[in-house]
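Today I looked up charged side-chain pairs. My notes are below the model.

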Amino acid sequence: MSRVVTPMDYWSNAMQVGWIMAEAQGVIAMRTMGAMGLWSVPKTENSRMLNEKVFAFLKGGTDASLAALAGKSPDVVAAMAIKPIRQATRANHKRLTKRGLKRA
């Protein structure tokens, strides 16, 4: 027997997308300040931000496609698409926050 999908299943996905948006804004701000010389960012930050996006979106799309082909419910398919993007934004926010302002 299949699992009963509840509104909370969809709400959980919406919350994850909310976290992605909030953390992404913080990451954008820290990377922008890093480009201006105000925030401590590694020299590889620009190439890193491009490479990780490709990987996260590709992994999310692949995982969601496989879940859909396996007959999973829409909330599970969406969660599979969201998960790698959420992991990337969480890791970036945590990593860049620890670096802090650049010391003169």
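I worked from a predicted model, in which local features need pLDDT of at least 70 and side-chain atom pairs count only at pLDDT 80 or more, while totals for chains, interfaces and linings use all residues. Residues are numbered from 1 along each chain as its sequence is written, and side-chain values use heavy atoms, with hydrogens and water left out.

Entry on the count. I searched the whole structure and found six salt bridges (a side-chain nitrogen of Lys or Arg within 4 Å of a carboxyl oxygen of Asp or Glu).

Entry on Arg-31. I found its side chain in a salt bridge with that of Glu-45, at 2.7 Å from N to O. Arg-31 is in helix H1 (residues 7–35) and Glu-45 in helix H2 (residues 45–69), 14 residues apart; helices are DSSP runs (H or I, at least four residues), numbered from the N terminus. Glu-52 also forms a salt bridge with Arg-31, with 2.9 Å between the closest N and O atoms. Glu-52 is in helix H2, and this pair is 21 residues apart.

Entry on Arg-95. I noted a salt bridge from Arg-95 to Glu-45, the closest N and O atoms being 3.0 Å apart. Arg-95 lies in helix H3 (residues 74–99) and Glu-45 in helix H2, so the pair ties together parts 50 residues apart in sequence.

Entry on burial. I took buried as under 20% relative accessible area, exposed as over 50% and partly exposed as in between (1.4 Å probe, protein chains only). Arg-31 is buried at 10%, Glu-45 is buried at 3% and Glu-52 is buried at 17%. Arg-95 is partly exposed at 21%.

Entry on the network. I noted that salt bridges link Arg-31, Glu-45, Arg-48, Glu-52 and Arg-95 in a network.

Notes:
Helices (H or I, at least four residues) and strands (E, at least two) are DSSP runs, numbered from the N terminus.
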